[in-house]
Amino acid sequence: MREISVNEIIETVKRLCIEANCILNDDVYNALECSKCKETSPVGKEILCQLTKNADIAKSENMPICQDTGMAIIFVEMGQEVHISDGSLTDAINEGVRRGYTEGYLRKSVVSDPFIRVNTKDNTPAVIHYDIVQGDKIKITVAPKGFGSENMSRVYMLKPSDGIEGAKKAILETVKEAGPNPCPPMVVGVGCGGNFEMSAYLAKKALLRKIGSHSDKPHIREMEEELLEKMNNLGIGPQGLGGNTTVLGVNIETYPTHIAGMPIAINISCHVTRHAEATI
Ligand code: SF4
């Protein structure tokens, strides 16, 4: 059994919150860069230039890429041979978020109750997903998620008879309806299968996959490529002002499901699709 103190967790989460919000991941940045050559609209091209310039300034000045520094979504891969000492893991993660958002001057966007809506003033609690894995390490991924794009996400409980064409239609329709609201160019995470909540979890996790990577299942890879092309033909364009750069990537994750159902979740993300990770 390997001991890891909560103090190390707190410091790591704090650092990752700041890093994720200020440094755009290379794959997203490169996808924006590449889009400049392919974008046919002059306005769209100009917006893409502004987006990379904004990301450059954020990185060099250690400032958030966007004013919406998101709700802190945390994925934890917890080695089953790790023992957490000196306190609770969940409390430590929330303390790391509290310190990261306070010391990093990141916007606090969480309210304590969906109806009473009083700001918690430190961006806690985080949404934490735990996964128990083999080994004696902990991998922590912090993925701040803005709600301009989160609000445009959907879950469809399709019937098996809807088939792959029904799934594609639902995914495409979601992006079309989202239009300019999620600050395009978007990244589209899709979860197919499992049950209601598993499909949503997979869709969120799909956003962590590198842009330009593909599913190793041939039929899913085909679906990713086809949807990306169709989405970019919708004409929404950068920031919704027209053009052919509506989506930077479509990442689809799948899971076995029940004979009677076909859940499909679509988690829309924006041009500030962020995450930072560390292994302790
Ligand atoms: S959708 Fe993304 S870019 Fe738009 S405000 Fe939210 S975090 Fe910022």
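## Crossing of helices 6 and 8

A crossing of two helices is called right-handed if the near helix is turned clockwise from the far one by less than a right angle, and left-handed if the turn is anticlockwise. In this predicted model, helix 6 and helix 8 cross in the right-handed sense. Their axes come within 11 Å and cross at roughly 35 degrees. Helix 8 comprises residues 218-232, and helix 6 covers 163-178.

On the side of helix 6, the contact is formed by Ile164, Ala167, Lys168, Ile171, Leu172 and Val175. Their partners in helix 8 are His219, Met223, Glu226, Leu227, Lys230 and Met231. Sorted by class, this contact has eight nonpolar residues, one polar residue and three charged residues.

## Crossing of helices 1 and 4

Helix 1 (residues 6-22) and helix 4 (residues 89-103) have axes that come within 7 Å and cross at roughly 40 degrees. Helix 1 is therefore oblique to helix 4. This crossing is right-handed.

Helix 1 contributes Val6, Ile9, Ile10, Glu11, Val13, Lys14, Cys17, Ile18 and Asn21 to the contact. Helix 4 contributes Leu89, Ala92, Ile93, Glu95, Gly96, Val97, Arg99, Gly100, Tyr101 and Glu103. The residues of the contact of helix 1 with helix 4 comprise 11 nonpolar, three polar and five charged.

## Packing of helices 2 and 3

Helix 2 (residues 26-38) packs against helix 3 (residues 42-61) at an angle of about 155 degrees, and the two axes are 9 Å apart. Angles over 145 degrees count as roughly antiparallel, and helix 2 and helix 3 are therefore roughly antiparallel to each other. Their crossing is left-handed.

From helix 2, the residues in contact are Tyr29, Leu32, Glu33, Ser35, Lys36 and Cys37. From helix 3, they are Lys45, Leu48, Cys49, Leu51, Thr52, Ala55 and Asp56. By class, the contact of helix 2 with helix 3 consists of seven nonpolar, two polar and four charged residues.

Ile74 is located in strand 2. Ile74 is buried, its relative accessible area being 0%. Apart from neighbours within four places in sequence, Ile74 is in contact with Val13, Ile93, Val97, Ala126, Val127, Ile128, His129, Ile140, Thr141 and Val142. Of these, Val13 also belongs to the contact of helix 1 with helix 4, as do Ile93 and Val97. Between Ile74 and Val97, the separation is 23 residues in sequence and 9.6 Å in space, taken from C-alpha to C-alpha.

Phe75 also lies in strand 2 (residues 71-79). A search of the whole structure finds one aromatic pair. The pair consists of Phe75 and Tyr201, with ring centres 6.1 Å apart and planes at 45 degrees, so the arrangement is tilted. Tyr201 is in helix 7 (residues 196-206), and the pair links distant parts of the chain, its members being 126 residues apart. Phe75 is buried, with a relative accessible area of 5%, whereas Tyr201 is partly exposed at 23%.

## Cis peptide bonds and positive phi values

Most residues other than glycine have a negative phi, and most peptide bonds are trans. The following sites depart from that pattern.

A cis peptide bond connects Thr124 to Pro125, with omega at about 0 degrees. Pro125 is in the loop between helix 4 and strand 4 (127-133). Another cis bond runs from Pro184 to Pro185, where omega is near 10 degrees. Pro185 is placed in the loop between helix 6 and strand 7 (186-194).

Asp86, a residue other than glycine, has a positive phi near 75 degrees. Asp86 is situated in the loop between strand 3 (82-85) and helix 4, and Asp86 is exposed, with a relative accessible area of 61%. Arg117 likewise has a positive phi, near 60 degrees. Arg117 lies in the loop between helix 4 and strand 4, and Arg117 is exposed, with a relative accessible area of 53%.

Technical notes:
Residues are numbered from 1 along each chain as its sequence is written. This is a predicted model: local features need pLDDT of at least 70, side-chain atom pairs count only at pLDDT 80 or more; totals for chains, interfaces and linings use all residues. Side-chain values use heavy atoms; hydrogens and water are left out. Axes are lines fitted to C-alpha atoms, for helices over the stretch in contact, and angles run from 0 to 180 degrees between N-to-C directions. Helices (H or I, at least four residues) and strands (E, at least two) are DSSP runs, numbered from the N terminus. Angles under 35 degrees count as roughly parallel, over 145 as roughly antiparallel, 65 to 115 as roughly perpendicular and the rest as oblique. Contact means heavy atoms within 4.5 Å. Ala, Val, Leu, Ile, Met, Phe, Trp, Tyr, Cys and Pro count as nonpolar, Asp, Glu, Lys and Arg as charged, and the others, Gly among them, as polar. Rings of Phe, Tyr and Trp (its six-membered ring) pair if their centres lie within 6.5 Å; planes under 30 degrees apart count as stacked, over 60 as edge-to-face and the rest as tilted. Buried means under 20% relative accessible area, exposed over 50%, partly exposed in between (1.4 Å probe, protein chains only).
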